[in-house]
Amino acid sequence: MRIYVCVKHVPDTAANIKITDGTGYDSKVKFVPNPYDEYGVEEAISLVEKAGEGEVVALCVGDAGAVNSLRSVMAMGVHRSVLVKTDDQFPPSDLVAKALAKAIEQEGPADLIFTGKQSVDSEGMQTSYLLASELGLPVATGVVTLVLDEGTAIVQREIDGGARETLAVTTPCVLGATKGLNEPRFPKLPAILKAKKKEIKEMDLAALSITAAETCRIQSLEPVQERSNAKILGGTTEESVAALVKILREEEKVI
Amino acid sequence: MSKIGVLIETADQTIKTSVPGVIAAAALGGEVVGFVLDGLADTYKDQLGAFGVTELVNLTAGELVFSKAPEAAGQALACGVKAFGVTALLGVSSPVGNDLLARAAVALKAPLALDCIDVDFAKNTVKKSHFSGKAIATLEMVGSPFVCGIRPNSFEPADAACACTAKDLAVTIEGCEAVKITKITAAGSGQKDLTEAMVIISGGRPMGSADNFTILDACAEKLSAVVGASRAAVDAGYAAHTMQVGQTGKIVNPKLYIGCGLSGSVQHFAGMKTSKVIVAINTDKDAPIFSKSDYGIIGDLFDVVPALTKELAKLE
Amino acid sequence: MTVYLIVKSIFMAGLLGASFYLFGTKLKRLFTIMQSVDGENPGQPNRIPERIKVLFKDVLGQTNVRRKKMPGWAHTLIFFGFLAVQPHSLELMVRGVIPGFSVGHLFPGIYNAYLFIADILGFLVLVGFAYAAYRRFVIKPKYLTMGKDANFIILFTCTIILTFHLINACQVVSPYAAHGHDYASVFPVSGMFISLFGLAGVSPGNQIGLFELFYWIHMLTIMGFLIYIPGSKHLHLLAAAPNVFLKPLEREKAIAKTDIEDEEAETFGLGKINELNWKNVLNLYACTECGRCQEQCPADHTGKPLSPKAFVHDLKTELFNRSQKILDGKQEEIEPFLNAAEGLTSDVIWSCTTCRACEDICPVNIQHLDFMIEARKYQVLMEASFPEEMQDTFVNMENQGNPWGFSSDTRENWCKDLNIPTIRKNPDADILWFVGSASSFDDRAVKISKALAGLLERAGTNVAILGNEEWGAGDTARRAGNEYLAQAMIQQNVETLNGCKPKRILTACPHTYNMLKNEYPQFGGTYDVVHHSEFLLELIQEKKLVPGNKNLGRITFHDSCYLGRWNGIFEAPRQLIAGMNQGQPPVEMGRTGDKGFCCGAGGARMFMEETLGSYINVDRAKEIQASGADLVASACPYCVTMLQDGLKECESDIKVLDIAELLYQQVSEENK
């Protein structure tokens, strides 16, 4: 059994993002594996553990520092990794999908491929679809439950208002994991130490000679202006509430 | 004049609340062509005409039920886009909408951007959140058509009544058997959708119990609002996870967000910072939420919220 | 008669030989267990002369035992009495084999003097045990286990002493028993037994009979006791003194540095009982089950499953249950003990606040914390098992250097309007203020930081901070058993600190203080560290700060565990308060100083849910209310938060202030 997990090396969501010029940001912040990808990693490892055989291979398109995220997921139990190196902070999704597909082509046929539902930096929400298209495989994303059957993956995804769709997807397929699928394990120290010795195959994106249309390009990045201090409405409870309703109705026009 | 396509997302034979906003966005780029997947274009055309849809296309593929075959639905949309020569396909960035738009974009080999808060047809750019709402990225969509999902409540529905003609387009789909939707399980007791809500009132840990949330329900009723909760309240068992607003819960974009007993944590804010107006109610005058809100009342929510409900009742 | 004496001689020789042999074998086994455990040798003892002094003071002088007055005096009597009676019993043993043997023949003067003293001291043993029996059967305190073990010991010892007196009494009235020595007026107490039991009026034949009866009871009880001791809590007779001799000589302690880089290591922390080291084992042997640790423990006091006494007892039981496997070299058959051995559950180890009240009060210096933290290390590093709310805390500390996950880039935001230079901008600062995570990010604690900043400015202190380069000190991670994360955090700070070579480091947080002063040296970071209570006192003494001297009313002071018990700083904050309050020292609560009651936040418990029993901070809050104080002062940001929450829960108006806030108020008002 071979399960691929696509992992993106992204800034920790708690980190402050300082935008440098135009489309760049200061990358001297803490980077972590994309949280949504970790659900895929945990699922893949569990499936291989249950099967008693097989390997989980992590794939990443990122800069040299991405080895840290790969070591993290290998500490969870991923067996080996492939890193396609690029210094681009926002590589276009179609290019990334092609690179991931190329890596899979090189490393061997997949029984299952996990990605995260979206990345927490560019939030493209489309790599799983593009990758599936490259490989000619079916795809479902936002997966919160998974049961593998003969040649089919029965998955559930959340839609509006908490309702759920159940889908039958023929395998091999690409699945975009999200919160709720499982609880990513906390790595034990022996696994962390072992992960330091596991294989990371590195290659340059440029050396893969893939061409992508790169039809969606980032043009600029602006920080969101934070609100400043709230206008406190004073007086008795009745007075402040009356003032609030008046403002919301007449000035802000939101009720 | 350009034509801009809009995926008219429906559920239970009803048009989703956020669709008119998307139509308004599309109208900025040209004539709006709506695409319907449930075969009920005739039923919707008058309603949609009121918002500015000129043509409403009934996409069919023989006996195929698109709501059970998302791959086919994506292909059908792609065919529709090509057949009607629209230069862009917009839709609501809901879980279903995102899925269909993505499949259509892949079929069209078109650039795709989801969860956008703005669209500029002249420059062919869209704006969307990056880094969980800490930054706004402007993306250039190179190529025509492009596909774009719009975050609910980003655009106001327009009063742009026009005549709407229903058209049929039958397409042939092949080989889309690999993904089948076999079942839809409804959520619990009529949980309204937070992501589309225009007004949200949320409770934090100080709510103290699940029962106390009825105070918020009463106020929500007067506001036509949906009740949300912070992670702390959910973790304490006072609210269901489906009510959680925040980085690990739902991202919401209402016109009005009222936070009751919320401290204003970074994680919660990531989920609602794009709200147009934020009101905070908290007993602690130093709570961080006051530095991130538009209006604040320093007081006990158990006094303030019922008083607010009473005041709102006076308006009726 | 002679036949009897010969038979007696043979039996005595045989029984003595057997009992001493059995005793010896059991002792040897205990010793071998100590040698066979797999834990790393903690090294040989240092500073021997000091340790010998400790032996004299604590063991011979029984000073530590008498920290609890009544039981302490009872034990002192028992201790000395029992020691005093030993030579007498030994002589009797020899005489049992060799009739007529008597030391008295050789040194009659000294012999009689000894017997006189021994007789009195022996009786005092009974007095001591009377008190013990009263405690156990009348008062019945919760922390004393009324087990068979304790009752046997009371029975054995009282029998030995009673028969001792009766034998002595016989030796006065019966020439046979006297074996040629004159015992008249040698035994002041035993003498009274003569009239008490009417021994003088008994016929000589019966006197002999009684003497022999008492003799056999005495001997058999002693021999039985000898065999009983190694398997009972009375093992402390042998293990206590060595354990005290080897005790840590300093109050301050550092968590042991686990070698987490060791690729050969198969395990980390304490998972299986055979992973103890020999000193741990000696600790377990030394436990007398006195229950003082349980009495002091904030977890036990508030209904958590943790009792330090039960913890030690259960570890000892587990060790004995596995001892055969250990001795047979079958360690791989031993399983980890947590949630497997009786009484040793996750709730037990995670309830601990690491306040060290147990270690402090233990009369035989057992180091409970060593077992506790090592057990936590195993759970976290090897099992990834810990209260689930800690997972986010660990991730936050790893990624952003603080338990709440605020961006490390915002660490200096609290003082952005205060113009405190970073060490990069002010490399020659006299004081590097290591602010700490709570004091940088927690709203309540930030108020304390601002007060301290105000004081430093007023005093004209040449101060700098690390700013955003500061990372969490590692206390929470280390106490939670996440040694891997803790070492990463410590090493990062050591690198930063060694890079800027601070002259002196100031901190307002006792946890941070403890890390920087006592644990950072393990990682190559040795600094001169001062806590703000001491530093502010220095500033006042140097007249750089002049506090007002108003009557501030009744103020009480809450000793923080990591400042007081862990680091011995009790006086500085009290002097500060007195100095502000017209010389009135703070009102002391019952549980004060070394016996201070924890606020509940230590041991990483600040970041865990308190779901068992009642709230520790509320218990303390009630005590604060009972003190009649209007204000409680503290010197730790966690304590301030916990006490404030606790008092709020009690619907109290009592104010809670850090000493920096209190001083800043006084200083600001003075200079108006």
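**Figure 1. One salt bridge is found across the interface of chain A and chain C.** The model is predicted. The bridge pairs Lys18(A) with Asp409(C), with 3.2 Å between the closest N and O atoms. On the side of chain A that touches chain C, helix α5 (residues 189-195) gives the largest share, four residues. That side of chain A holds 10 nonpolar, one polar and six charged residues. The contact involves 17 residues of chain A and 22 residues of chain C. About 1,600 Å² is buried between the two chains, with 57% from carbon and sulfur atoms.

**Figure 2. Salt bridge between Lys16(B) and Glu9(B).** The N to O distance is 3.9 Å. Lys16(B) and Glu9(B) are both buried.

**Figure 3. Salt bridge between Asp430(C) and Lys503(C).** Their closest N and O atoms are 3.5 Å apart. Asp430(C) sits in the loop between α18 (389-400) and β1 (431-433) of chain C, and Lys503(C) in the loop between α22 (483-500) and β3 (505-507), 73 residues apart. Asp430(C) is partly exposed at 39% relative accessibility. Lys503(C) is partly exposed too, at 49%.

**Figure 4. Salt bridge between Asp619(C) and Arg591(C).** The closest N and O atoms lie 2.6 Å apart. Asp619(C) belongs to helix α26 (residues 616-626) of chain C; Arg591(C) is in the loop between α25 (571-580) and α26, so the pair ties together parts 28 residues apart in sequence. Arg591(C) is partly exposed, at 22% relative accessible area.

**Figure 5. A salt-bridge network in chain C.** Shared partners join Glu374(C), Lys377(C), Asp475(C), Arg478(C), Arg479(C), Glu483(C) and Glu519(C). Over all chains, the count is 63 salt bridges.

Key: Residues numbered from 1 in each chain as written. Chains lettered and ligands numbered in written order. Predicted model: local features only at pLDDT ≥ 70, side-chain atom pairs only at ≥ 80, totals over all residues. Heavy atoms only, no water. Contact = heavy atoms within 4.5 Å. Buried area = accessible area lost by both parts, 1.4 Å probe. Salt bridge = Lys/Arg side-chain N within 4 Å of Asp/Glu carboxyl O. Helix = DSSP H or I, 4+ residues; strand = E, 2+ residues; numbered from the N terminus. Nonpolar A, V, L, I, M, F, W, Y, C, P; charged D, E, K, R; others polar. Buried < 20%, exposed > 50% of the residue type's maximum accessible area, 1.4 Å probe, protein only.
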